[in-house]
Amino acid sequence: MNLARERTRWLIGISILGVLPFVLPGYWTYQLSLAGASVLAALGLNLLTGYAGQISLGHAGFLAIGSYVAGLLTSSFGGSWFWIALPLAGVITGLTGLVLFIPALRLGTIYLAIATLGFGAAVTQVLLKLSEVTHTYEGIKVPGPAIGEISLNRDLTMYFITAGVVLALLWIARNVVHAKLGRAFIAIRDKEIAAEAMGISLPQTKAYAFLISAFYTGIAGALHAHIVGIAQAEVFNLGTSIQLFSMIVLGGLASLPGSILGALFLSLLPELLKLLVASQQYYNVIYGVLYGGLLVLVIIFMPYGIWGYLVRTSFKFPKARKFLTGA
Amino acid sequence: MENLWLYLQFAINGIANGCLYALMALGMVLIFKTTDVVNFAQADMTMLSTFVAYTALTSWKWPFAGALVAAIIAAFIVGLIVERFALRPAQNAPVISLLITTLGVALIINAVAGGIWGYQTLPFEYPLKGRLFSIGNLSFTKHNALTVVVALVLSLGFFAFLKFTKIGIAMRATAQNKLAARLMGINVDRISMLCWGIGAAIGAVAGVIITPTITGINLNVMVSVMLKGFAAAVLGGFTSLPGALVGGLLIGVIENLFIAIPVDWVGQFRETFVFALIILILTVRPHGLLGETAHRGT
């Protein structure tokens with residue numbers, strides 16, 4: 001790993017993120033913030049599924065918990081609580097992630113898929129019931145972040161907060177992946193028995209995987225609630241879980257840049273398409289065929305995702321390869 | 001006493017529902033066993049063939065049996081196409097990615113069906129109405145009877161097909177070991193294609209029969225049926241065909257019993273309870289009720 005080259009890449013990324021909101025119209029800043037929340041969730045899911053090999057079709061449940069925890073806090077105590085609510089949402093969601101780690105200890109892939117799917121469905125039902133109790137059928141109205149009594153411009157603030165959080169958590173994810181824990185993730189994914197023989201604790205590693213993944217997704221949910229201004233349980237359903245899953249497969253399993261590419265691509269695709277297709281009548285048909293067709297074609301022609309394809313292709317071009325992989 | 005009848009009645013309805021979940025599960029297990037793919041497009045393939053039956057019934061004025069046959073044929077063809085053009089070219093991809101392929105297929109089918117039939121719920125007329133007979137306070141509707149008979153005949157026929165015909169034996173060989181099957185001269189690609197066709201067709205039967213009980217047909221009506229079928233398959237052990245039947249019946253009955261419990265919140269949380277129960281059972285029996293126990297770590 002060439003640190004100087006990596007630093008250059010981070011600086012390029014940071015400066016692009018810093019300039020974008022001043023170049024793009026406000027609507028796109030908003031969309032980019034939402035895409036940023038998706039990037040976080042995709043990073044979390046990829047750590048769990050791509051690296052540690054634990055499938056989850058219930059990550060929408062974590063998004064919902066994160067958005068409710070943060071939303072309840074800021075709507076009850078005011079926008080200045082945002083700075084506490086955000087990490088707290090991550091921590092609480094992370095702890096609920098441990099609920100799933102117990103079945104994950106014993107279950108194979110498909111069985112875990114149905115267990116996590118059930119978890120996602122259960123969370124939505126419980127939260128819907130909760131909103132009946134609290135009389136917030138239309139969701140919880142969430143204020144924007146504030147410092148003391150001064151409330152900030154929501155779209156722009158949330159954009160920079162999201163960008164900052166994404167960069168920070170990306171940095172942490174990068175370190176986790178390259179450290180002992182990340183190696184342990186990959187080891188239990190590839191062969192549980194071999195990993196145990198090398199002295200890796202299966203329960204501990206899986207617990208960490210679920211904890212970290214749920215933490216990331218919870219933060220993403222909290223950000224989502226504050227970007228949109230509302231925390232709603234129905235927003236995060238099975239479709240959301242499946243879309244997150246498509247993001248990491250499309251971008252590339254077990255790849256951090258892949259998670260970013262996949263998440264950005266799938267969250268911005270509908271918006272880009274809206275620019276191209278004017279008629280509402282055919283929009284749904286075109287969007288469905290395009291989105292579905294893309295998934296099918298990417299798996300056929302890029303079995304290891306977009307990022308995997310880029311890296312493999314770049315082997316022919318040493319300079320490009322060095323830029324992409326840093327090695 | 002009054003309550004007991006109620007619970008029995010709900011259990012009977014549950015058996016009928018469970019038969020349909022079982023059929024859905026059967027289709028998914030068949031596809032999984034031979035091709036290692038969890039077919040998340042099952043719901044949309046079923047939805048498409050049910051819409052074909054709908055068109056046959058309303059626009060072409062076909063009799064119900066004819067519409068059912070049309071749906072089965074349509075599903076079979078869709079299954080063949082999906083295997084040939086979406087899954088076979090992607091054979092080199094990791095198995096986990098193939099799940100996304102079926103999802104892509106589901107999206108395409110959903111979008112196309114939306115373009116053809118629109119987005120509203122269409123009424124689905126059904127010839128069999130009323131009750132067949134009743135014992136005490138229990139009533140057996142004709143629909144329930146038909147569902148059970150169809151599910152029984154179909155699954156028994158299918159098991160016989162797997163057991164005694166040459167193609168059936170080839171399917172089981174492919175499920176057991178693809179390489180060995182290929183070495184024995186079995187055209188594994190063709191068998192996979194056939195399994196997709198049959199799996200889709202079984203789903204279509206479930207779809208056409210279940211639609212009247214859920215008041216009509218729209219683009220997403222099959223998703224919850226598929227999820228319960230999926231859950232049923234997992235509960236039974238995803239590699240076991242009889243397991244799919246057992247799992248389907250169990251889920252159908254349990255779900256309906258939860259409706260019968262007169263406490264308000266129990267009915268509202270029934271899906272949560274069903275899933276919690278499944279997770280519990282899986283934690284005790286990680287390979288489902290009838291699944292083959294694989295060695296740990298494989």
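How many residues does the contact take from chain A and from chain B? In this predicted model, chain A contributes 35 residues to the contact and chain B contributes 39. On the side of chain B that touches chain A, helices α4 (95-117), α9 (223-236) and α12 (270-284) of chain B each supply at least two residues. Of the elements on this side, α4(B) gives the most, with 15 residues. By class, the side of chain B that touches chain A comprises 26 nonpolar, 11 polar and two charged residues.

The largest nonpolar core contains 198 residues, among which A:L40, A:I219, B:A22 and B:A71 touch the most other members. Helix α8 of chain B, spanning residues 188-210, gives the most to this core, with 15 residues. When residues up to four places away in sequence are not counted, A:L40 touches A:V165, A:V166, A:L169, A:Y216, A:I219, A:A220 and A:L223.

Helix α9 of chain A covers residues 202-228. Its 27 residues, at 1.5 Å a residue, should span 39 Å, and the end C-alpha atoms are 39 Å apart, in agreement with that expectation. Because 22 of the 27 residues of α9(A) are buried, this helix is largely enclosed by the rest of the structure. The residue that follows α9(A) is A:G229, which has a positive phi, near 90°.

Technical notes
Residues are numbered from 1 along each chain as its sequence is written. Chains are lettered from A and ligands numbered from 1 in the order in which they are written. This is a predicted model: local features need pLDDT of at least 70, side-chain atom pairs count only at pLDDT 80 or more; totals for chains, interfaces and linings use all residues. A nonpolar core is a set of buried Ala, Val, Leu, Ile, Met, Phe, Trp, Tyr and Cys residues joined through C-beta atoms within 7 Å. A residue is buried if 20 or more other C-beta atoms lie within 10 Å of its own, exposed if 12 or fewer, and partly exposed in between; C-beta atoms are placed from the backbone. Helices (H or I, at least four residues) and strands (E, at least two) are DSSP runs, numbered from the N terminus. Two residues are in contact if their C-beta atoms, placed from the backbone, lie within 7 Å. Ala, Val, Leu, Ile, Met, Phe, Trp, Tyr, Cys and Pro count as nonpolar, Asp, Glu, Lys and Arg as charged, and the others, Gly among them, as polar. The expected span of a helix is 1.5 Å times one less than its number of residues.
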